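Please look over the sequence and the 3D structure shown here, and keep both in view while reading.

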Amino acid sequence: MSAARRSRWVEDWDPEDEAFWESRGRKVARRNLVLSIASEHIGFSVWSMWSVLVLFLSPDIGFPFTPGEKFLLVVTPTLVGAVLRLPYSHAVARFGGRNWTVFATAVLLVPTSLAAYFVQRPGTPLWVFLLIGALGGVGGGNFASSMTNITAFYPQRYQGWALGMNAGGGNLGVAVVQLLGLLVIATAGAGHPAYVASVYLPLIVLVALFAALKMDNVTAVRRAGGGLAEAARHPHTWWISVLYIGTFGSFIGYGFAFGLVLQTQFGSTPLEAASYTFLGPLLGSLARPFGGRLADRWGGAPVTAVTFTAMAAGTGVLLMASRMGSFPLFVAGFTVLFVLTGLGNGSTYKMIPAVFADRAGKKVTEGADAADAFARARRLSGAVIGIAGAVGALGGVAVNLAFRQSYGTPGGSGTPAFLCFIGFYAVCVVLTWAVYMRPSRGGADGVRRPVRTSGVTRV
C-alpha cells in the first residue's frame with residue numbers, strides 16, 4: 001500500500017471476516033499495532049517525565065522545592081493527561097488513526113524541549129515548571145486515541161491481547177523514562193536533569209516520521225466515532241470506569257509518586273530512589289498483556305475481581321511495612337502491587353468490547369441486523385475506551401493528592417493514603433461481583449443483571 005493510499009481512508013476493512021483477516025488484515029493490523037505502541041510509549045514517557053525530573057530538583061542545583069510542591073508537579077501532568085483523553089479518543093475518529101498519531105507524537109516536542117531548557121535554569125519559579133508539566137500532559141492523551149484506533153483493527157476474539165500489548169507497550173514508557181533517570185544519575189550525577197528530556201527529542205521525530213510513512217487510516221475507526229453521548233448514557237460505561245480508576249489510576253498514580261514517596265518516607269537519595277522506581281512500572285507494564293490474555297480465557301470480571309482482592313492485600317503489606325519502617329518490604333510490596341495493577345488494567349479493558357459484543361449478539365438473536373448490531377458495538381466500545389481511559393487516569397490524580405495530603409505535614413506518613421486505597425479496592429471487588437458476576441436477574445431499575453458464561457462476561 002503506497003503512502004498516498006495510506007493518506008486516505010481504507011474502506012474495505014472487516015477483521016471479523018476470517019478470509020480477509022488471514023489474507024490481509026492480520027499483517028496490516030500488526031504493522032499499525034507496532035507503530036501505535038511506539039507512539040504511545042513515547043507519549044507515556046513524556047507524560048511521566050516529571051516523576052523523574054522532580055528527583056533531580058534540589059537546593060543543590062537551584063531548585064529548593066518542598067515535598068508538597070514536588071507532589072504538585074507530578075499531579076499536574078496527570079490531571080491534564082486525563083482531561084485530554086476524551087477529545088483524543090474522538091479526534092482519531094475524526095482525523096484518522098495515522099493522521100492523528102503523527103500529530104500527537106510530533107506535538108510532544110514542545111513540552112520536552114521546554115523541560116530540557118528550563119531545568120538548566122536555576123531559580124526558575126514553580127509556576128513555570130507547572131506550566132511545562134501541564135503541556136507534558138498531552139502525552140497522556142495518546143493512550144485514548146491509540147486504544148480507540150487499535151480496537152478497530154482487530155477482531156473481537158483478539159482484542160484482549162491486542163489492547164493489552166498496545167497499552168502494555170505504552171505503559172512501559174513509565175519504566176523506561178525512570179530507567180533513563182537512573183542511568184543519568186549514576187553516570188552524570190544528580191545535577192543534569194536536562195539529559196533525560198534531551199534523549200527523547202530525536203526519538204519523537206523518528207516515531208512521527210515512521211507513523212506518517214507506515215500507518216493506515218481505516219473507515220472502521222470513523223464508524224466507531226460519534227458514540228460518546230450514547231456511551232455516556234450507558235451504565236456499564238461508568239461501572240467499568242470506576243474499576244479502571246482502581247487499576248490504571250493506581251498504576252499511573254503509583255508510577256508518578258513512588259520515587260517521591262521513597263524520598264519523603266525513607267529519606268532516599270535521588271540515586272537510591274531511581275534505583276527502585278523503574279522496577280514496578282516495568283513489571284506492571286509487562287503484566288498488562290497477560291491480564292488481557294487471562295481475561296480472554298476466563299472472562300474479564302473474574303480476573304478483575306481476583307486482582308482487586310490481591311491489590312487490597314498488597315496495600316495492607318505496604319501499610320505494615322510503613323509502620324515497621326522496613327524499606328525492603330515496602331519496595332517489594334509496591335513492586336507486587338504494580339504487577340497486580342498491570343493484570344487488572346488488561347482484564348478491565350477486555351471487559352469493554354466483551355460487554356458490547358455480547359449485547360450485540362443478543363440483539364442479533366432477537367432479529368436485529370448483524371452488521372448494524374456489531375458496528376454499534378464497536379462504536380460504543382471505542383467511546384467507552386475513551387471515557388474509561390479519562391476517568392481512570394483521574395485515579396492517578398487522586399493517588400498523588402492522597403500522598404500529598406498524607407506527607408504534607410512534618411512527620412507525616414503514608415498510612416492515611418494506604419487505608420483509603422484498601423477501602424476503594426474493597427468497593428471495586430463488591431462492584432465487580434454485583435454487576436458482572438451475579439447470576440442474571442431482572443431488577444426494578446430495568447437493567448438486566450449480567451451473567452458469566454463460558455469464561456466470557458455477558459450481559
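The paragraphs below go from the whole chain to single residues.

This is a predicted model, in which local features need pLDDT of at least 70 and side-chain atom pairs count only at pLDDT 80 or more, while totals for chains, interfaces and linings use all residues. Residues are numbered from 1 along each chain as its sequence is written, and side-chain values use heavy atoms, with hydrogens and water left out.

The protein chain has 19 helices and four strands. Both kinds of element are DSSP runs numbered from the N terminus: helices are H or I with at least four residues, and strands are E with at least two. The radius of gyration of the protein chain is 22 Å, close to the 23 Å that the globule rule gives for 459 residues, so the chain is as compact as a globular protein of that length. Here the radius is taken over C-alpha atoms, and the rule is 2.2 Å times the number of residues to the power 0.38. Along its principal axes, the C-alpha trace spans about 70 × 55 × 30 Å.

How much of the protein chain counts as buried? Of its 459 residues, 58% do. Buried means under 20% relative accessible area, exposed means over 50%, and partly exposed lies in between (1.4 Å probe, protein chains only). The accessible surface of the protein chain comes to about 17000 Å², and 67% of this belongs to carbon and sulfur atoms. Such areas come from the Shrake-Rupley method with a 1.4 Å probe; for residues, only the protein chains shown count as cover.

Contacts show how the sequence folds back on itself. Among contacts in the protein chain with a separation of 6 or more, 83% are between residues 24 or more positions apart. A contact means heavy atoms within 4.5 Å.

How many disulfides does the structure hold? The number is zero. A disulfide is a covalent bond between the sulfur atoms of two cysteines; the cut-off used here is a pair of cysteine sulfur atoms within 2.5 Å. For Cys 420, the closest cysteine sulfur is in Cys 428, and at 13 Å it is too far for a bond.

Now follow some residues in helices and loops. Leu 206 lies in helix 10, which covers residues 194-214, and is partly exposed at 45% relative accessible area.

Gly 267 sits in the loop between helix 13 (235-266) and helix 14 (270-277). Is Gly 267 buried or exposed? At 51% relative accessibility, Gly 267 counts as exposed. Not counting residues up to four places away in sequence, Gly 267 touches Leu 262 and Glu 272.

Phe 278 is found in the loop between helix 14 and helix 15 (279-298). Phe 278 counts as buried, at 16% relative accessibility. Leaving aside neighbours within four places in sequence, Phe 278 is in contact with Ala 175, Gln 178, Leu 179 and Leu 182.

Gly 316 has its place in helix 16 (residues 300-324) and is partly exposed, with a relative accessible area of 26%. Gly 316 and Thr 415 are 99 residues apart along the chain, and their C-alpha atoms are separated by 9.9 Å.
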